[in-house]
Amino acid sequence: MSIRPFAIHVPDEVLADLRERLARTRWPDQFADAGWDYGANLGYIRQLCDYWANGYDWRLHEGHLNRYPGFLADVDGVDIHFWHIESGKPGALPLLLIHGWPGSIFEFYFIIDRLVNPAAHGHTHADAFDLVIPALPGFGFGGKPRERGWGISRIAAAFHTLMTQELGYQRYGVQGGDWGGIISAKMASAYPGRVIGAHLNFLFVQPPPDLTDDDRQRIAERDAFQANETGYSLTQGTKPDSLTLAQSDSPAGLAAWVVEKFHTWGDVGEDIEKTFSKDVLLTNLMFYWAPNSIASAARIYYEARRDPAGFVYPKVEVPTGVAVFPREPWRVPRRWAEQRFNIVHWTEMPRGGHFAALEQPGLLAGDVIAFFRQLRGS
């Protein structure tokens, strides 16, 4: 086995360099009434960066992150960084939680205890999970791929190897949103004998051929969103290294690029900090800044565009549960999803957006528990 313990530790000189770069930021101007219309609201990003330099306590959050057992495992030539949190409860179900971009394993921080220790949150010990939470290859503090080809299919295979060969689990569940939802679906398709069920809060599906008026309205809304809000995906999917040089050099530039997505995709209303505090936003950003992983992370878009098998595969027959959060930009109706998945559980949530585990950890954890409760012992 290649697994060895790993704790997150950012050198002091990296933190000092961060503060110096933030102090030297050359800020552009912006229209007084721009808001978030032109992209990131630079007034807010300046406030955030000032706090990053002068108020944010990384060492405090680093200590919180290291509360959970961290490890590295060499899988297919890349060191996968992951948390492995065992509940100690008999019959606990192994569950792989997979994040997306521009998130990190920190997305799941507030959901961990709810799943590992469900009896403390209104459920029972019989609902407990043993959690494996890996960073996507090239993300965060893990290893960076040194060759082309790390698309969805290869990541799915690497995570399956981590679960079965490295950790020795015979059966396990998967859960994810964003890229995590796409990878979870691919794993359910590729390894139906090992994946007991897939719980998703993000689906990549196309509309059915027999369109209704409601379908046509949803397609028009989707196309309008794609036209106005997905320039980031086209850039990272075609010329990522032209962009990420700037983000690797400027923490303010990195903050603007990432935080705008939390504002646009999250259920934030008029105030982003009603949903995401500055500490939450900055702790997630540190997974990109401190290990200088923004470039290797962005390339998932480039590699995925060259891996059609990552998106196109037979209908997933593994039992699938879906949590639909109302502010998820890519939400789809159940009728569309049933073309591609064996849907046995579907929940329309009252609130929440794209970053469900951070925004509504209680709602998401409760739905994960309810879905897998019906599959335990199968």
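Biologist: What makes strand 8 (residues 316-324) count as largely enclosed by the rest of the structure?
Modeller: This is a predicted model, mind you. Buried means under 20% relative accessible area, and seven of the nine residues of strand 8 are buried, so the strand is largely enclosed.

Biologist: How do you know that strand 8 and strand 9 (residues 341-348) pair?
Modeller: Pairing takes at least two bridges, and these two strands have seven, in the parallel sense. Thr 320, for instance, has Ile 343 in strand 9 as its bridge partner. Strand 7 (residues 195-200) also passes, with three bridges to strand 8, again parallel; Leu 200 stands opposite Val 322 there.

Biologist: Why is the contact between Arg 216 and Asp 213 called a salt bridge?
Modeller: The cut-off is 4 Å between nitrogen and carboxyl oxygen, and their closest N and O atoms are 3.3 Å apart, so the pair qualifies. Both sit in helix 7 (residues 213-229), three residues apart, about one turn of the helix.

Biologist: Why is Asp 213 called exposed, but Arg 216 partly exposed?
Modeller: Exposed means over 50%. Asp 213 has 63%, so it's exposed; Arg 216 has 44%, so it counts as partly exposed.

Biologist: What makes Asp 241 and Arg 299 a salt bridge?
Modeller: Their closest N and O atoms are 3.1 Å apart, and the limit is 4 Å. That pair links distant parts of the chain, helix 9 (residues 240-249) and helix 12 (residues 294-305), 58 residues apart.

Note on methods
Residues numbered from 1 in each chain as written. Predicted model: local features only at pLDDT ≥ 70, side-chain atom pairs only at ≥ 80, totals over all residues. Heavy atoms only, no water. Buried < 20%, exposed > 50% of the residue type's maximum accessible area, 1.4 Å probe, protein only. Helix = DSSP H or I, 4+ residues; strand = E, 2+ residues; numbered from the N terminus. Salt bridge = Lys/Arg side-chain N within 4 Å of Asp/Glu carboxyl O.
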